[in-house]
Structure formats: C-alpha cells, structure tokens
Amino acid sequence: MTTTTDYGYNSKVEGEVVVSRADAVINWIRRHSVWPMPMGLACCAIELMAAGGSRFDISRFGMEVMRFSPRQSDCMIVAGTVTYKMAEVVRRIYDQMAEPKWVVAMGACASTGGMYRSYAVLQGVDRIVPVDVYISGCPPRPEALLDGMMRLQEKIKNEASTRDLLRERQRNRLAFQQELAGV
Amino acid sequence: MIATSTEWTEKYGFLRARDSLDWPAVECPQTELMEFLRSLKDEEGFDFLADVTAIDHYDADPRYEVVYHLFSTTEHVYLRVVTPCAGGAQPQCLSLVPLWPTADWHERETYDMFGIRFSGHPDLRRILMWDGYPYHPLRKEFPLAGIEVELPSPDTTEATGGATAKPAPMMGGPFHSPQHGTMARREPRADDESWTEVRERADNGEAAAPRDLRPQE
C-alpha cells in the first residue's frame, strides 16, 4: 500500500528504508520507552500511582512499565521524603541501574527536603544522586508529574547519545586492554 | 469508674495527682510502677496502652519523665501515668513489654529520641534514626536543624563523594518568611511584588500596619 506524499516518503519508490541520524533514532527510542523505577517513599507515590491509572494514563508515554528492579528500569522517580536512613538505599539502587539512566525528583521533599527542615530528612535527593528533572508540588498533581516526564523526554531528545556510546565503547576497550596487559 | 485524679490518689496512696486539662493524670514512683500498671490492666480494665513517651525537663531534677497513656476499651476512659526516671544523665526506667507487647516499639522510640534505657526490654535499639547515630534528637540541647554526622554507611559516603548529613537550613531559607513585622511581611512572598498590601495602604494614605486589635494591657 503506497503512503501519500505528505510525508515525502513513498514506500513504492524508496522501499522500506528510512534514513536518519543515529542520535535521532536512539533518542526517539529512549524517550518513548522510559521505564520508571518508582522510588515511592511517601505521599507522592500515591500521585505516581494515580498517574499510572487510567484517568491520567502514563501509558500514553510508554512509561506504564513500572519496574521495581533497578536492573530493568531507565528512570528513578524519587517520589517522597528521603530520610538519612533511607538515603543509603536510594543511592545503592541508583548505582545498580544500568546506563542510560535518569532521575526525577518528584515533589517538594525529594527536591529540597520540603517542609521537613530537620535532623532526620535529607534536604533534597540531589545531595546523593544527580537529578535531571525537579517537579514541585506537595504532592504534584498527576498532570504535573506527566509534564515533568515530558520535559525529561525533551531532555533525552537533545542528548548526544552516539557520542556517549562511542566514548563508553572506547573506555571499555581501554579497560579491557589494560586488563590484558595486567595479566 | 474512677473519674478524677484525686479519686485515683485516694485509692492508691503512693500516687500523686498531676495537672491535666483533659483526662485524669497521676504520677507514680518507679518502685510501685509495675504493680500499679498490672493492677490497672487486670483489675481496673485499662487493656490498651495507647502511647509511651517522655518529657525532658532540661533544668529540673529528675530530668526525664516517662509518660504512659492508658485507655480502657470497655469503659472508654483514658488515664495518664507519669513516672520520673532515675539516673540523671543516663536515665533508666522499667520496661512494660511483659504487660503490653506494644510497648516494645514505643520504648525503642523513646530510647532513640531521649536516651532512656528500659530495663527488661527484649531488644532495645534505635528505631527511627540509624543504629550508629551518635545523638538523641529530642533532648533539649539538640538543635532542631541537626548536627552534622557521617551518613550511615561508608559505601554511600564513597559513592556520593563525601556527602554527610548536614544541618537543615532554617530561617532565611527560600521557604521561610521573616517572623517579625506586620502580617503582610510575615506571609510567604511571591516573586511578583507588583501588588503588596503595604504599598496599597500607603497609596490610600492609611498607616502601614493594620490597627492592633489585641486587647491593650
């Protein structure tokens, strides 16, 4: 079946081949399937769950796959108050996630410690993990969370993924050579 | 059912009545504590231990008092029992775990926050703060913002490049409005100050502050 020439792509003429930049393809794939790791610590987790429900539907963005395993997820959504006792766990889970990974600080407590100015609460999760998107609110409405995730998608769109991949490949190759030399 | 503190002190001679706005409150010395609470539970019908907490009187002696809130589910009455802790800087008290198993975690919390050791407790360790935390936060000399300490585990400190538990920012931070001056200054301020009550009043020729409506002494 021929496609119309609205898209400038006629499958009868060009065949089933699309030419594009590597970054565009990689970033498109990554940003349209961000699998969250819901670090749901407090009340914001309820709004996160609401965003996963049918009324607000995070599934429109491909993010309904809430993987509680850090090995299988892309984005850690820190939803709730991080106490110093829990900070160790949050950092460990972050370290176990595979690249590429992003962190979203959802709500006031995760962004800055929120209303809890005290000895027991970490004043912002960005003190222990690098945060990509901060979402304000106490708790933020599900629409605000979705807006934050859309901004994360914009951020991923502008990443230099190919350069990062090549750099990592080079780093791994170097490490392997050093290991061989050591042996 | 006994309804007032004085009736309690009449029935049990070693008790003292304590000022209370809501329910009867009595003070009980530690020597009589276990027997008194056992008779409260078995004979007087106070089957529910609602809370175990403590008070830190910084300057008074004894410094710490442990407060028990008892409730009777059959009669729907409360009783507050307060007992002073011996030991000054290392306060001690008896554990109620043999009578009410719920006292387990409440006493752990009281130990964590005040440093009161409960003798006879099966597993007395911190519950809210982490095990190696060096302070007892609800003591009067501990600042609300906290004292800088290392994070609980060394691999987190290493992974984050030396992050510590710092004191929380108090007054002067982004979410704190100044607590002096007129109400208009004390309320949270927005970035956009194109309209403020002070300027409005000045434009209308009124005084900058609203009239003080408190009764003048």
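I looked up salt bridges between chain A and chain B and got one, taking a salt bridge as a side-chain nitrogen of Lys or Arg within 4 Å of a carboxyl oxygen of Asp or Glu. Arg92(A) and Asp155(B) form a salt bridge through their side chains, at 3.2 Å from N to O. Helix α4 (residues 84–96) of chain A gives seven residues, the most on the side of chain A that touches chain B. Helices here are DSSP runs of H or I with at least four residues, strands are E runs of at least two, and numbering starts at the N terminus.

A note on provenance: this is a predicted model, where local features need pLDDT of at least 70 and side-chain atom pairs pLDDT 80 or more, while totals for chains, interfaces and linings use all residues. Residues are numbered from 1 along each chain as its sequence is written, chains are lettered from A and ligands numbered from 1 in the order written, and side-chain values use heavy atoms, without hydrogens and water.

Next, the interface extent. I find 15 residues from chain A and 29 residues from chain B in the contact (heavy atoms within 4.5 Å). The two chains bury about 1800 Å² between them, 62% of it on carbon and sulfur atoms; buried area is the accessible area (1.4 Å probe) lost on putting two parts together, summed over both. On the chain A side, Tyr84(A), Arg117(A) and Tyr119(A) lose the most area to chain B, together 47% of what that side buries.

Then I checked a helix pair inside chain A. The axes of α2 (residues 22–31) and α7 (residues 161–182) of chain A come within 8 Å and cross at roughly 95° (lines fitted to C-alpha atoms over the stretch in contact, angles from 0 to 180 degrees between N-to-C directions). That makes α2(A) roughly perpendicular to α7(A), the label for 65 to 115 degrees. Ala22(A), Asp23(A), Ile26(A), Asn27(A) and Arg30(A) of α2(A) meet Ser161(A), Thr162(A) and Leu165(A) of α7(A).

I also counted salt bridges over all chains and got 17. In chain B, Lys11(B) and Glu44(B) pair at 2.6 Å, N to O. Lys11(B) sits in α1 (residues 5–11) and Glu44(B) in the loop between α2 (30–42) and β3 (48–56) of chain B, so the pair ties together parts 33 residues apart in sequence.

Last, the backbone. Most residues other than glycine have a negative phi, and most peptide bonds are trans. I noted a cis bond from Cys138(A) to Pro139(A), omega about -10°, and another from Asp61(B) to Pro62(B), omega near 10°. Asp57(A) has a positive phi, near 55°.

How values were computed
Angles under 35 degrees count as roughly parallel, over 145 as roughly antiparallel, 65 to 115 as roughly perpendicular and the rest as oblique.
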